[in-house]
Amino acid sequence: MKSLSRFVAILLTAIVLVSCGPSDKIWPSDKIGPMRVNRYGHSNSQPIWDYCSDRMTESPGVQRTDCTVPWVDELFIGYGIRGVDQAQRDVLWNARTWELYIDGYTVDLPAFNVADFDSEQDGTRNEYRVWRIRLRKIPVGEHTLHYVMHVNQAIENDPESQSPGTYELVVNFTFEAK
């Protein structure tokens, strides 16, 4: 009986240790090869969206885009949503869940946090929320960002008019040499 109790105790300990083990997701300051994946702070990161389209499909589906990014020290790759005011932005954000894959690696997006800001475009002020994520020491060549946004409920007056479903943005970009 003692050996059975000891065996059960060891088995339970092993299960707990395995379940608490390291995550296989990318966290801030992790590397993918030589490339660093960092939380975006106050830096001079160049937005990837200056070179690549950030448009999702109008209805659930996959949007693919190919682009070239000139050499930069840091590349901001955060993506998110916009609302007409803070209240709508918050409701839109809460109605969505997100995934990101960089070169096939799963990113733990909540570990990178979000940034809220407002911006005026064409005379209209909008409130934005984006994931705070950037790349550094990017190797020259082909890379892929794959954002998956699950719209879990329709929100009245959504500026993007997105209906419930899964939207994917696959950005295949070539990072140029210095």
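**Notes on the predicted model**

1. Let's start with Lys137, which sits in the loop between strand E11 (133-136) and strand E12 (141-151). Keep in mind throughout that this is a predicted model. Is Lys137 buried or exposed? Its relative accessibility is 55%, and the cut-off for exposed is over 50%, so Lys137 counts as exposed.

2. Which residues does Lys137 touch, leaving aside those up to four places away in sequence? They are Pro34, Met35 and Asp73. Take Asp73: in sequence, Lys137 and Asp73 are 64 residues apart, yet from C-alpha to C-alpha the distance in space is 6.8 Å.

3. Now for the cysteines. There is one disulfide in the structure, and it is formed by Cys52 and Cys67, with 1.9 Å between the sulfur atoms. As a reminder, a disulfide is a covalent bond between the sulfur atoms of two cysteines. This pair links distant parts of the chain: Cys52 lies in the loop between strand E3 (46-47) and strand E4 (61-69), while Cys67 belongs to strand E4 itself, and the two are 15 residues apart.

4. What is the handedness of this disulfide? The torsion about the S-S bond of Cys52 and Cys67 comes out at about 85°, so the disulfide is right-handed.

5. How accessible are the two cysteines? The cut-off for buried is under 20% relative accessible area. Cys52 has a relative accessibility of 3%, so Cys52 counts as buried. Cys67 has a relative accessible area of 10%, so Cys67 is buried as well.

6. On to a sheet. Three strands make up an open sheet in the order E6-E10-E9, and their pairing is antiparallel. On average, and ignoring direction, neighbouring strands here are turned by 25° against each other.

7. A closer look at the E6 pairing: E6 and strand E10 (residues 124-131) run antiparallel and are joined by four bridges. To find the pairing on screen, look for Gly80, which stands opposite Val130 in E10.

8. Finally, what packs on this sheet? Helix H2 (residues 86-94) does, and H2 touches E6, E9 and E10. The direction of H2 makes about 145° with that of E6.

Definitions and conventions. Residues numbered from 1 in each chain as written. Predicted model: local features only at pLDDT ≥ 70, side-chain atom pairs only at ≥ 80, totals over all residues. Heavy atoms only, no water. Pairing = 2+ DSSP bridges. Axes fitted to C-alpha atoms, helices over the stretch in contact; angles between N-to-C directions. Contact = heavy atoms within 4.5 Å. Disulfide = S-S within 2.5 Å. Buried < 20%, exposed > 50% of the residue type's maximum accessible area, 1.4 Å probe, protein only.
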